[in-house]
Amino acid sequence: MHQLWPPVSRLLASALREGTGYSEFFLAVARAYAGGRGLSSSIHHLIKLLERLQPTPELSLRSALLYVEKLGAGGYAPVVVDCLGLPELYWLYAKLREAQPRALAVYAYVNETGRTSGFLEEVRKASMLQVATTLGGQKVSSLDRILHEVMSKPAQLEELARKAHTHFGAYVEELARLLPTRAFIVSDHGYDFAREGDLWYLEHGREPNILSKLAPLVVVEKHYIY
Ligand SMILES: [Zn+2]
């Protein structure tokens with residue numbers, strides 16, 4: 001039994017049932033490190049789970065690669081995304097659900113390093129582009145670029161959430177809209193919230209390296225358009 005997938009799926013489904021918006025989810029993740037209530041409390045449980053999770057073969061990136069290779073061979077169009085954080089995973093899930101797909105499944109693997117280099121080392125590829133090319137799909141680097149160029153500057157939490165909504169939120173909506181009928185989105189890592197006094201920023205693969213370790217995989221089959 002995969003110990004990580006059901007909690008992640010349950011978290012996304014329950015947030016959607018509550019009608020949670022992107023910014024609301026983003027803020028709930030920021031507050032979840034310290035516990036919090038409601039959605040933050042559920043995310044806090046996931047954080048605790050990731051902290052104590054022992055590496056298993058099923059949750060390894062090698063196992064993720066084997067699975068996506070099968071999906072690729074089965075006709076699913078691959079999209080390889082550099083950095084898909086938990087809020088963006090949620091928003092992607094919400095937008096895809098809204099489009100009423102025939103099937104939608106979310107999996108999560110563990111990248112202990114929280115970094116692209118760790119992912120590449122484990123799947124034995126030279127670059128994310130090579131991962132995408134080998135699978136016969138496309139590579140998307142925009143989210144990682146937004147993280148480093150826009151979201152890594154310390155700001156008030158509300159300001160950070162506004163920027164996330166403008167940049168991450170809009171990008172994910174476009175990604176969901178343009179996704180081929182049968183496709184999967186796989187990512188190398190997520191990100192964490194970090195603080196400098198009253199100010200917040202995003203980073204991955206550094207302290208706290210917790211949600212950064214989450215390497216999600218979303219498999220979707222949209223309705224065929226006749
Ligand atoms: Zn990065």
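**Close-up 1. Strand β7 is covered on both of its faces.** In this predicted model, Leu214, Pro216, Val218 and Val220 on one side of β7 and Ala215, Leu217, Val219 and Glu221 on the other are all buried, where buried means under 20% relative accessible area, exposed means over 50%, and partly exposed lies in between (1.4 Å probe, protein chains only). In a regular strand the side chains alternate between the two faces of the sheet. Because 8 of the 8 residues of strand β7 (residues 214-221) are buried, the strand is largely enclosed by the rest of the structure. Helices (H or I, at least four residues) and strands (E, at least two) are DSSP runs, numbered from the N terminus. The model is predicted, so local features need pLDDT of at least 70 and side-chain atom pairs count only at pLDDT 80 or more, whereas totals for chains, interfaces and linings use all residues. Residues are numbered from 1 along each chain as its sequence is written, and side-chain values use heavy atoms, with hydrogens and water left out.

**Close-up 2. Strands β2 and β4 each pair with β7 in the antiparallel sense.** Two strands count as paired if DSSP finds at least two bridges between them. Strand β2 (residues 103-110) is joined to β7 by 8 bridges, and Val110 stands opposite Leu214 in β7. Strand β4 (residues 182-187) pairs with β7 over 5 bridges, with Ala183 placed opposite Val220.

Close-up 3. His148 lies in helix α8 (residues 142-149) and His204 in the loop between β6 (199-203) and β7, so the pair ties together parts that are 56 residues apart in sequence. His148 is partly exposed at 42% relative accessibility, while His204 is buried at 12%.

**Close-up 4. His189 makes a side-chain polar contact with Thr116.** His189 sits in the loop between β4 and β5 (192-196) and is buried, at 0% relative accessibility. Thr116 belongs to helix α6 (residues 116-123) and is likewise buried, at 17%. The two side chains meet at 3.3 Å, a polar contact being a pair of N or O atoms within 3.5 Å; within protein, one must be able to donate a hydrogen and the other to accept it, and residues adjacent in sequence count only if both atoms are side-chain atoms. Leaving aside neighbours within four places in sequence, the contacts of His189 (heavy atoms within 4.5 Å) include Asp82, Asn111, Arg115, Asp144, His204 and Leu214. With the corresponding exclusion, Thr116 touches Asp82, Met128, Asp188 and His189.

Close-up 5. The whole structure holds 12 aromatic pairs; rings of Phe, Tyr and Trp (its six-membered ring) pair if their centres lie within 6.5 Å, with planes under 30 degrees apart counted as stacked, over 60 as edge-to-face and the rest as tilted. Phe25 lies in helix α2 and Tyr90 in helix α5, so the pair ties together parts that are 65 residues apart in sequence.
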